[in-house]
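Please look through the sequence and the model below before reading on. The report that follows takes up confidence, then overall build, then aromatic rings.

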Amino acid sequence: MSISDIHVTGESEDMSAKERLLLWSQQTTEGYAGIRCENFTTCWRDGRLFNAIIHKYRPDLIDMNTVAVQSNLANLEHAFFVAEKLGVARLLDPEDVDVSSPDEKSVITYVSSLYDAFPKVPEGGEGISANVSRRKILVWCVSFINTILDFSSKTLPGSPIGLLSHFALYNQYLQFKETEIPPKETEKSKIKRLYKLLEVWIEFGRIKLPQGYHPNDIEKEWGKLIIAMLEREKTLRPEVERLEMLQQIANRIQRDSRSCEDKLILARNALQSDTKRLESGLQFQHEAEIAGYLLESENLLRQQVIDAQILIDGKYYQADQLVLTSGLSSGLTSRLTPTITPTYTPGIPPRLIQSYVTGVDSGTLQTLKLMQIRKPLMKSAFVDQNLTEEEVNMKFVQDLLNWVEEMQVQLDRAEWGSDLPSVESHLENHKNVHKAIEEFESSLKEAKISEIQMTAPLKLSYAEKLHKLESQYSKLLNTSRNQERHLDTLHNFVSRATRELIWLNEKEEEEVAYDWSERNPNITRKKEYHAELMRELDQKEVVIKSVQEIAEQLLLENHPARLTIEAYRAAMQTQWSWILQLCHCVEQHLRENAAYFEFFSDAKEAMEYLKNLKDTIYRKYNCDRSSSLHRLEDLVQESMEEKEQLLQYKSTVAGLVGRAKAIIQLKPRNSECILKTSIPIKAICDYRQIEVRNLNFLKSITDVRIQLKFH
């Protein structure tokens, strides 16, 4: 880097590179007592400026109190020595600077090397307080996780008050999710940006980052929080939706009960009017009108009986009270029925009146209850010799309306699936449902044709029901199309995510199952496999990122299967992080195992050398009393050579002894090895997953993989 590349806070456009470097030196050494930086010559002679710059960035390497009392040469030598350890080339010698007028160009060149070696002050002083923010969000995440885990472990209430409390708990969860999570997520992103800003300072050692403060640690805690939230929502949401559905049915019973009573009152008034006309000898005129009221009341009562049974089966806390207070137990029907039958002998069919009074029999109720999705009845199914054509039309259009409402409820309560098989099942099932909804249009056309046959006073009521039927069918069709589209996009995402999770899981199993004991010396082959795996991971990173982007886009579009999408996204992030940690373990093991086998190879070679030398000495220096003095003197002289060889080989043996202390034991990794004493172990990666919940999710992915293999 040339000095023209120097940039410093507070510089002006007309400053030269030399002036900017001088300004940087002044800012760096500002506040150091007895130090002035006015030029690149005499101010640097005593070495204090060099030491002050280094101390600014690495106060652990320079003692400024010692610098204040040392000689110029000692200060210069110490500064150049420390800087050289930090990677700054020794371009100057103390004798070059401790002169009356040091060479300006040489000093500028060396100072620019210091500028290049040290990290620059980040823009915005707020970066230094990043540790505080990290600690704050970590504590917040951990404390909330503990709270929500404790909250999740509690048994859901089953009493009437407890059932109502589900709504309070769910609303509390939604408020937390919508009001507290977004600002914390923004803060988390800000912390990540601040870390990037300070990363070079941390790597250089200027800032000491405590354990657990890394953005990856925050992401890990954040992942735990998201999983805990998903579990909480998974626990609360179905129950809340069930209670909401029951509450809607209860409201409908009350509404239909009032409507039924109003129609019965109208029928009673009309009946009383015709009774007076008959007593006066006049012809009655409200028979058709009363028939319409009774037909509508019959349909309402049938629906009420079905709804009441649903509330009872669902253990709705006010079910019994609603049955008692609704029109099902009203005394109006018992008072009205005996009057109607003798008054209109040829008019109102007795079957109609009887069904109105008794309601729906248990067999019919059970059939309706089980047939949650059924094809609408044809008009011919309602033809009865006791019913007029208009009554048949009214029953037909009401049945169509009931079918549409039933299907709408089914779609509104439909689930999306939590894994690939269940999503595929829901998608396939919905295709059949959507086909039935589209085929319903023929029944709607038949109902429109029947409108021509209607006459007053039922014509207006029929037209209203037909208009309501068209409106609700249009809504049902749109809902079905949207659900099919959502299921398609969900299936696409879950299929891709499952495929990547299976791949990651397979790679994990291979690494975890690998034999790293002394029985497996083929380290070269493992190195080649690991290199290939790293190349595959580089390629997979792009693929997994694209799948994560699909998840982000679906969540951004408020996809209704948010719970499943977030679970898969969190699982992919966890599994990807885990496989990277495993790769770190593998690299560590490769180094350790290579060192292990290399050490024992060298040790074996040394032992063979020493054994051969020992055998040679035994053979060569074999003598007895008959040996001459001259031969003994020759042997002593020759032994000096073996002694010299042994002395030279001593360093080799000492090196092996020193290496032995750092060699990791591989035999304890052998399952057949029996340990007589405890051996301390050290984790070289964070082996903790995001608790058992996420592991269970990954296990379900493994189950999917097994199913796919069988297919």
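## Confidence

The protein averages a pLDDT of 77, and 79% of the residues score at least 70, where pLDDT is the predictor's confidence in each residue, from 0 to 100. This is a predicted model, in which local features need pLDDT of at least 70 and side-chain atom pairs count only at pLDDT 80 or more, while totals for chains, interfaces and linings use all residues. Residues are numbered from 1 along each chain as its sequence is written, and side-chain values use heavy atoms, with hydrogens and water left out.

Over residues 147-163 the pLDDT stays under 50, and over residues 702-711 the pLDDT is also below 50. Where pLDDT is low, the predicted coordinates should not be read in detail.

## Overall build

The protein has 21 helices and zero strands, counted as DSSP runs numbered from the N terminus (helices H or I, at least four residues; strands E, at least two). Of its 711 residues, 41% count as buried, a term that means under 20% relative accessible area, with a 1.4 Å probe and protein chains only.

## Aromatic rings

The whole structure holds 15 aromatic pairs; rings of Phe, Tyr and Trp (its six-membered ring) pair if their centres lie within 6.5 Å, and planes under 30 degrees apart count as stacked, over 60 as edge-to-face and the rest as tilted. Phenylalanine 50 and tyrosine 110 make an edge-to-face pair, 5.6 Å centre to centre with 75° between the planes, and both residues are buried.

Tryptophan 403 and phenylalanine 440 are stacked, at 4.7 Å and 5°. Tryptophan 403 lies in helix 15 and phenylalanine 440 in helix 16, so the pair ties together parts that are 37 residues apart in sequence.

Definitions and conventions: Buried means under 20% relative accessible area, exposed over 50%, partly exposed in between (1.4 Å probe, protein chains only). Contact means heavy atoms within 4.5 Å.
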